[in-house]
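This note sets out points for a colleague who is reading the structure alongside it. The points are numbered and may be taken in turn.

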Amino acid sequence: MNIKELYQEIILEHGKNPRNLRKTDNFNKDAKGNNPLCGDNVHIYLKLDEKKKVEDISFEGSGCAISMASASIMTDLIKGKEENEVKEIVNDFLGMIKENPELKSKNLKEDEKTKLMCLSGVKQYPMRVKCATLSWHTLISAIDNSQEEINTEKLN
Amino acid sequence: MNIDNVKKEFPIFNNKVHNNDLVYLDSANSSQKPQSVIDRVNDFYSKEFSNVGRSVHYLAVAATNLYETTRSSVQKYINAKDKNEIVFTKGATEAINLVANTFSQKHLKEGDEILITELEHHSNYVPWHFLRKSKGIKIEFAEVNSDGEITVESIEKKITPRTKLIGITHLSNVTGAILPIKEIIELAHSKRIAVLVDGCQGAPHLKLDMQDLDCDFYAISCHKMYGPTGLGILYAKKKWLEELPPYQGGGGMIKEVKKDSVSYGDLPNKYEAGTMATAQVIAFNQSIKFLEKIGIENIIKHEQELIEYGQEILRKNNSVKLIGNPKNKGAVLSFTIEGVHPHDIATILDEDGVAIRAGHHCCQILHDKLGISATARASLGVYNTREDLDQLNSSINNCKKIFNL
């Protein structure tokens, strides 16, 4: 495994210039997540319309290139999707990072899959998996309105 | 033992990391172990094992003698007045918890103040926080200056008539500042305030003389001193250990147990309840021997040369920023690279076999003060060389290249 497979250009670019790094006006769902071991933190804001479609999603927080890029790519890709589609995509992504060789979701277009697979390099770095998945777990927490702050040390 | 060849004593360096030679720069976290310490654990379990202080059979007597030999070696190494001033604990964390717990039982009431510093590791803050919650004591923080130092004046400023104990680190695990603890202890004692020194970083790198320092409590982490994990030491003046109540109750710490009363054993048993980390204590004697063979003066000279060299090359490296610039600096080089998060630095350096730590290093108070969430930290041990620091610098350059800096 070459370190450059982890730090691909697209990751570096999103890490440096994260998309949707702001706070959504009139958001109706949100959740916080943090990684107590390294101090990374993220706050996800969601605005769902009446049909439960993601009208806007944004995030605030700080962290390493992997965590910022992951949140950036995620928010970019989730916008416009419906709530149930979002949940399915999150599960697919987490499954891919955990064990699956590829993404299976029918709710993802090919170019979206290609973009997400850029984060698959993290599989070779077990200590960094939490960096890539923090914002995704936090997104689910926001959708479920669980009010519980995501803590990477309490996730399986 | 010549310090230039000391790396050979550590078998870990025979292994490759990602096909590279290991450049271990994480000794402030935990140090590597010399062969003699590893062998001692093995030998004790293979040939000499028994619990200590209880049975009268051959092995028990021999093991007890070995265990007590380490206590005497530690006493000598840190120049404590009395062998019974050395208490073994499961770590420096437990040593500090022991002091916080027992000292508060006897001497702290609501509104009393504990003075610590913004440099403290969480282990010299959270035990006091417990008392803030349970007893309503107050915690004051002496402020760190822009060079990452704590001065005697910054301590003096925060002392009030209600200050009962000052808890300070000997050597900061982030800025590397060596604190003027002797002056602080003198000042505290002139106001009848007790002093606990967190010696986790001080003990492996500095000369220790408890009688000269005159501190009340000094906590040591053995695994940072080329010793086994699961072992710490609390040095405490005998008057305190005699006066304060026991910390944990159990076997080995009692004198007499009746249905309606319990009396406690003499020192050092009073504070060593239950079966202790026997093999680790016995092996730690080899760590002391190892340090004595090199000589602390040689260690200080070697590490000082390295720290100056490390600062020199990192200062020349564009976009690297050293954290803290203390006049008296120990074996720690914390830094940031503008545009690269410390965790990314650590992962990229690891690929080259360079082991550093990234994060807040259990010092969130300090990082909040500095306004950063994390730093990268290269920390030194006796085995490090200039070549290690050159490799650090070149891996940092590689990191900058990957991030297009």
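1. In this predicted model, A358(B) stands opposite A376(B), a residue of β17(B). The strands concerned, β16(B) and β17(B), run antiparallel and are joined by three bridges.

2. The sheet to which this pair belongs is open and has four strands in the order β13-β14-β17-β16 (chain B), with antiparallel pairing. Its edge strands are β13 (320–322) and β16 (357–359) of chain B, each of which pairs on one side only. On average, and with direction ignored, neighbouring strands of this sheet are turned by 30° against each other.

3. Two helices of chain B should be read together with that sheet. Helix α12 (residues 342–351) of chain B lies across β14, β16 and β17 of chain B, and runs at about 160° to β16(B). α11(B) lies across β13 and β14 of chain B, and its direction is at about 10° to β14(B).

4. α11(B) also packs on another helix. The axes of helix α11 (residues 296–316) of chain B and helix α14 (residues 386–402) of chain B come within 10 Å and cross at roughly 20°. Because of this angle, α11(B) counts as roughly parallel to α14(B). The crossing in which α11(B) passes α14(B) is right-handed. On the side of α11(B), the contact is made by L306(B), Y309(B), G310(B), I313(B) and L314(B), while α14(B) brings R386(B), L389(B) and N393(B). By class, the residues of this contact of α11(B) with α14(B) are five nonpolar, two polar and one charged.

5. The domain assignment of chain B places residues 3–30 + 295–402 in domain 1 and residues 38–292 in domain 2. The centres of domain 1 and domain 2 of chain B, taken over C-alpha atoms, are separated by 28 Å. Domain 1 of chain B gives 25 residues to the contact, and domain 2 of chain B gives 25 residues.

6. Which elements give two or more residues to the side of domain 1 of chain B that touches domain 2 of chain B? They are α11, β14 (332–337), α13 (364–370) and β17 (375–379) of chain B. With four residues, α11(B) gives the most to this side of domain 1 of chain B. The residues of the side of domain 1 of chain B that touches domain 2 of chain B divide by class into 12 nonpolar, nine polar and four charged.

7. A further helix pair in chain B is formed by helix α3 (residues 92–107) and helix α4 (residues 126–135), whose axes are 9 Å apart and which pack at an angle of about 30°. α3(B) is therefore roughly parallel to α4(B). α3(B) passes α4(B) in a right-handed crossing. The contact draws on I96(B), N97(B), A100(B) and S104(B) of α3(B), and on P127(B), W128(B), L131(B) and K135(B) of α4(B). Its residues are five nonpolar, two polar and one charged.

8. In chain A, four strands form an open sheet in the order β3-β2-β1-β4 (chain A), and the pairing is mixed. β3 and β4 (150–151) of chain A stand at the edges with a single partner strand each, so one side of each has no neighbour in the sheet.

9. Seven bridges join strand β1 (residues 29–35) of chain A to strand β2 (residues 40–48) of chain A, and these strands run antiparallel. Along this pair, A31(A) stands opposite I44(A) in β2(A), and G33(A) stands opposite V42(A) in β2(A). β1(A) and β2(A) form a hairpin with four residues between them, and G39(A) in the turn has a positive phi of about 85°.

10. β2(A) is also joined by eight bridges to strand β3 (residues 54–62) of chain A, again in antiparallel fashion. Here N41(A) stands opposite S62(A) in β3(A). The hairpin of β2(A) and β3(A) has five residues between the strands, and K52(A) in the turn has a positive phi of about 60°. Helix α3 (residues 65–78) of chain A lies across β2 and β3 of chain A, running at about 170° to β3(A).

11. Lastly, the contact between the chains takes 14 residues from chain A and 14 residues from chain B. The side of chain A that touches chain B has nine nonpolar, three polar and two charged residues.

Terms used:
Residues numbered from 1 in each chain as written. Chains lettered and ligands numbered in written order. Predicted model: local features only at pLDDT ≥ 70, side-chain atom pairs only at ≥ 80, totals over all residues. Contact = placed C-beta atoms within 7 Å. Nonpolar A, V, L, I, M, F, W, Y, C, P; charged D, E, K, R; others polar. Axes fitted to C-alpha atoms, helices over the stretch in contact; angles between N-to-C directions. Parallel < 35°, antiparallel > 145°, perpendicular 65-115°, else oblique. Left-handed = near helix turned anticlockwise from the far one by under 90°. Domains from an automatic or database assignment. Pairing = 2+ DSSP bridges.
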